[in-house]
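The sequence and the coordinates are shown first.

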Amino acid sequence: MLETVSALFLRADGRVLLGLRASWKRAWADHWDAIGGRVEMGEALDAALIRECREEVGLTPLAYRLMLSAQERFPERNGAALHHIYVVPDWDGGEPENLSDEHVRIAWFSLDEMAALPNLTVPDLIAVVRDYAAPP
């Protein structure tokens with residue numbers, strides 16, 4: 001089964017980095033999503049997370065926490081997959097840059113702005129960030 005990793009980069013001001021998926025993408029075209037991609041055969045999840053983040057936005061996660069592993073919501077349309085979503089509060093590389101053709105745009109969003117997006121891939125992304133930020 002296909003596995004993916006995704007990074008929700010979280011700034012100190014509470015804003016989250018998302019990418020607008022390109023129109024040519026087979027799954028979730030023209031939707032806002034976390035930064036990430038496929039786990040390669042034999043690759044560890046954390047290694048895939050770091051590689052995908054470097055390739056897509058030029059950032060290297062330094063601290064990250066796996067917050068959610070979920071099956072693809074629409075496997076009949078997008079194919080069966082297991083998605084692993086991380087919150088990344090600390091990284092190296094400064095400001096992100098859109099380095100690949102995976103996304104047509106990247107931008108920082110508040111949780112309220114994310115909630116207002118009509119085309120967010122996984123509505124649970126907001127809950128993931130809230131759960132991460134909640135006191136223990």
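His103 is buried, with a relative accessible area of 5%; buried means under 20% relative accessible area, exposed means over 50%, and partly exposed lies in between (1.4 Å probe, protein chains only). This is a predicted model, in which local features need pLDDT of at least 70 and side-chain atom pairs count only at pLDDT 80 or more, while totals for chains, interfaces and linings use all residues. Residues are numbered from 1 along each chain as its sequence is written, and side-chain values use heavy atoms, with hydrogens and water left out.

His103 belongs to strand β7; here strands (E, at least two residues) and helices (H or I, at least four residues) are DSSP runs, numbered from the N terminus. Leaving aside neighbours within four places in sequence, His103 is in contact with Gly19, Leu20, Arg21, Ala22, Ala34, Ile35, Glu56 and Asn98, where contact means heavy atoms within 4.5 Å. Of the 7 residues of β7, 5 are buried, so this strand is largely enclosed by the rest of the structure.

## The three-stranded sheet

Strand β7 also takes part in an open sheet of 3 strands, ordered β3-β2-β7 with antiparallel pairing. Two strands count as paired if DSSP finds at least two bridges between them. β3 (32–33) and β7 stand at the edges with a single partner strand each, so one side of each is left without a neighbour in the sheet.

Strand β2 (residues 16–21) is joined to β3 by 2 antiparallel bridges, and Gly19 has Asp33 in β3 as its bridge partner. The antiparallel pair β2 and β7 is joined by 6 bridges, with Leu18 opposite Ala107 in β7. Strands of a sheet pair through backbone hydrogen bonds, either parallel or antiparallel.

## Pairing of β1, β5 and β6

Strand β6 has pairings in both senses. With β1, the pairing is parallel over 8 bridges, and Ala7 has Tyr86 in β6 as its bridge partner. With β5, strand β6 runs antiparallel, and 9 bridges join the two; Leu68 stands opposite Ile85 in β6.

## Helix α1

The 13 residues of α1 should span 18 Å at 1.5 Å a residue, and the end C-alpha atoms are 18 Å apart, which agrees. The expected span is 1.5 Å times one less than the number of residues in the helix. Just after α1, Gly58 takes a positive phi of about 75°.

In α1, the residues Ala48, Leu49, Ile50, Arg51, Glu52, Cys53, Glu56 and Val57 are buried. The buried residues of this helix pack against β1, β2, β4, β5, β6 and β7.

## Loop residues

The loop between β6 and β7 (103–109) holds Gly94. Gly94 is partly exposed, with a relative accessible area of 44%. Gly94 and Thr60 are 34 residues apart in sequence, and their C-alpha atoms are 9.4 Å apart in space. Glu97 is also placed in the loop between β6 and β7. Glu97 and Val57 are 40 residues apart in sequence and 4.8 Å apart in space, C-alpha to C-alpha. Not counting residues up to four places away in sequence, Glu97 touches Glu56, Val57, Gly58 and Ile106.

Asn119 lies in the loop between α3 (111–116) and α4. Asn119 is buried, with a relative accessible area of 18%. Residues up to four places away in sequence aside, Asn119 touches Leu20, Asp30, His31 and Trp32.

## The largest pocket

About 600 Å³ of space lies in the largest pocket. Of the 32 residues that line this pocket, the closest to its centre are Thr4, Arg21, Trp28, Asp33 and His83. The elements that give two or more residues to the lining are β1 (2–9), β4 (35–38), α1 (45–57), β5 (60–71), β6 (81–92) and α4 (124–133). The largest share of the lining, 4 residues, comes from β1. The lining residues divide into 12 nonpolar, 9 polar and 11 charged; Ala, Val, Leu, Ile, Met, Phe, Trp, Tyr, Cys and Pro count as nonpolar, Asp, Glu, Lys and Arg as charged, and the others, Gly among them, as polar.

On a 1 Å grid over the protein atoms alone, a pocket is an open set of points with protein on both sides within 12 Å along at least five of seven lines, whereas a cavity is a set of points where a 1.4 Å probe fits but cannot get out; lining residues have an atom within 4 Å of a point. Grid points are joined across faces, edges and corners, and a volume is the space filled by probe spheres set on the points.
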